[in-house]
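Subject: Structure for your review

Dear colleague,

Please find below the structure I am handing over to you, with its sequence. My findings are set out after it.

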Amino acid sequence: MDTFPEKAPLWGLMKVVSQEYMECRCSCMDVETIGRKSSDVALEIMQELRHVESAEDYGSAWRNGKRYTQQLGRMKVQSLPERDIRLRENGVYLIAGGAGAVGLETCRYLAGKTRARLVIVNRTPLPKRQEWERLAGYSADTPVSSRIAELLRLEELGAEVHYYAADITDLAAMKAVMADVEARLGPVHGIIHSAMQLEHERLEQLDIFGFRRAADTKVIGAWVLQELAEEQNADFVLLYSSAASILGGVGLGGYAAGNAFMDQFAHYHSRRGAEMLSINWSFLEMGATAGELAADRSLSLPVSAGDFALILDRLFQYRTSQALIARIRGDELKTAMKLLKVHFAPELISVLTQPTELTGSASPEAYQQTIHAYQELKRWLQQNDAIQDIIQRDVELGSRFVSFEEHLYSALQSDTPAQLAQKLTGRTFAVKLKDGEDDNYLEMERRLGQIWGEVLGLEEIGVHTDFFENGDSLMLMSVISRIKDDLSIDIPIQIFTRSLRYPD
């Protein structure tokens, strides 16, 4: 059965149309026409219109009189054949959209794995390389200086960074980039398409130009990059698609259509011997706002930067043309399935909706032993000056340690009343301040107290309380991260650890 990627955008668009106009039925039907009688094709179309289940499926494929529908199942990666792909030491890798949040995370992954030579292509021009250090030192508040600072961090990780401003939908411009890269660095060993143009508007408000902007980055961009990959005889092409091509999403018409093309484009070239993979990312931690990460209305939980790297490791190791990556929330699945135009395999539904509480035969003593072992490890980490220095300089890393600790304790210990209220209501508990004069507190004091109390798990906190009476340096990283996200204030850790001196 052959694949026609140019027709695939209809599938992604269909799912969005059926969600934006729920009073109408919008379906997509895949039929074979080559070498067949018109009467046979017409018969399958009539059977589809009469099919009782077609009102719920929204999409079908007919082959030899049999009707097939799309179904999501759990991927058993270890059962797949292995790939013969190895990231090359000092390899040359082109990342389209590499200065975006997800593209940068991919660059960090490659830098950490192979000390790669990174060719980053984005639309936005940057100053010449010799000016980067000077401009990055001005302020990280401007888009240009912030982007330059991120690129310099890649060099600190051991990567060699080469930045090009070009439109990946322009074949001539990209061939010029590739010619310069080949002259300076040699052939490109791998190409990653992480570029995107999101136009978040309902179809009735979206003009053709907006639709094309969202779709062309994916459709034409993928085609251009594949042309370059063939010329370079690249080891692989990795396409960053989206769950929107499978699950839809109100306001994502052009985006879903473009990503649906990428998915089938990967299948098409994989069947012809190319090492190409389309990854349908769902909700990524990188690039998400603090509000998006805190929201509990999403069908999926965010994929962390650490998980992102592990997932790439697996997908480079095993052969597949497409993979949907999502941390589905089982408690939201039943409601969401009424809106999603795709079936979930029974086995997958069972896994996603099973209780998350620990219900095994392990005794409370075993849980306490696990906590004790973690506390011993944590003590060792806190006594290791080199590790503490790394954690204090990397706020995100420190926050991830705290997040792990919170998940561990919530799984192995009963909830405090505040935590229980938070789970039942879906809201954070209110932290009460004390020890102030006449109980008059500034709004900033209340907001800082709320952050402080949530991290420490305290419902009441004094304005003069020493943080380290209840917390530690790892939890402090979480406080600093929350202050930055919630209040847009960067506070160096030294402010909290510096000894106070009073005038004589």
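This is a predicted model: local features need pLDDT of at least 70, side-chain atom pairs count only at pLDDT 80 or more; totals for chains, interfaces and linings use all residues.

Residues are numbered from 1 along each chain as its sequence is written, and side-chain values use heavy atoms, with hydrogens and water left out.

An open sheet is formed by 7 strands in the order 7-6-5-8-9-10-12, with parallel pairing. Strands (E, at least two residues) and helices (H or I, at least four) are DSSP runs numbered from the N terminus, and two strands pair if DSSP finds at least two bridges between them. The edge strands, each pairing on one side only, are strand 7 (160–165) and strand 12 (322–325). On average, neighbouring strands of this sheet are turned by 20 degrees against each other, direction ignored. Strand 10 (residues 276–281) runs parallel to strand 12 and is joined to it by 4 bridges; N280 has L324 of strand 12 as its bridge partner.

Angles run from 0 to 180 degrees between N-to-C directions, and axes are lines fitted to C-alpha atoms, for helices over the stretch in contact. Contact means heavy atoms within 4.5 Å. Helix 4 (residues 101–114) lies across strand 5 (92–96), strand 6 (117–122), strand 8 (190–193) and strand 9 (236–242), at about 170 degrees to strand 5. Helix 6 (residues 143–156) lies across strand 6 and strand 7, at about 150 degrees to strand 7.

Helix 4 also meets helix 12 (residues 305–317): their axes come within 11 Å and cross at roughly 65 degrees. Residues in this contact include Y109 of helix 4 and F308 of helix 12.

The axes of helix 7 (residues 171–185) and helix 8 (residues 208–232) come within 10 Å and cross at roughly 35 degrees. Among the contacting residues are M174 and M178 of helix 7, and W223 and L228 of helix 8.

Finally, helix 19 (residues 443–456) has 14 residues, which should span 20 Å at 1.5 Å a residue; its end C-alpha atoms are 20 Å apart, so the two agree. The expected span is 1.5 Å times one less than the number of residues. Helix 19 is followed by G457, whose phi is positive, near 75 degrees.

Yours sincerely
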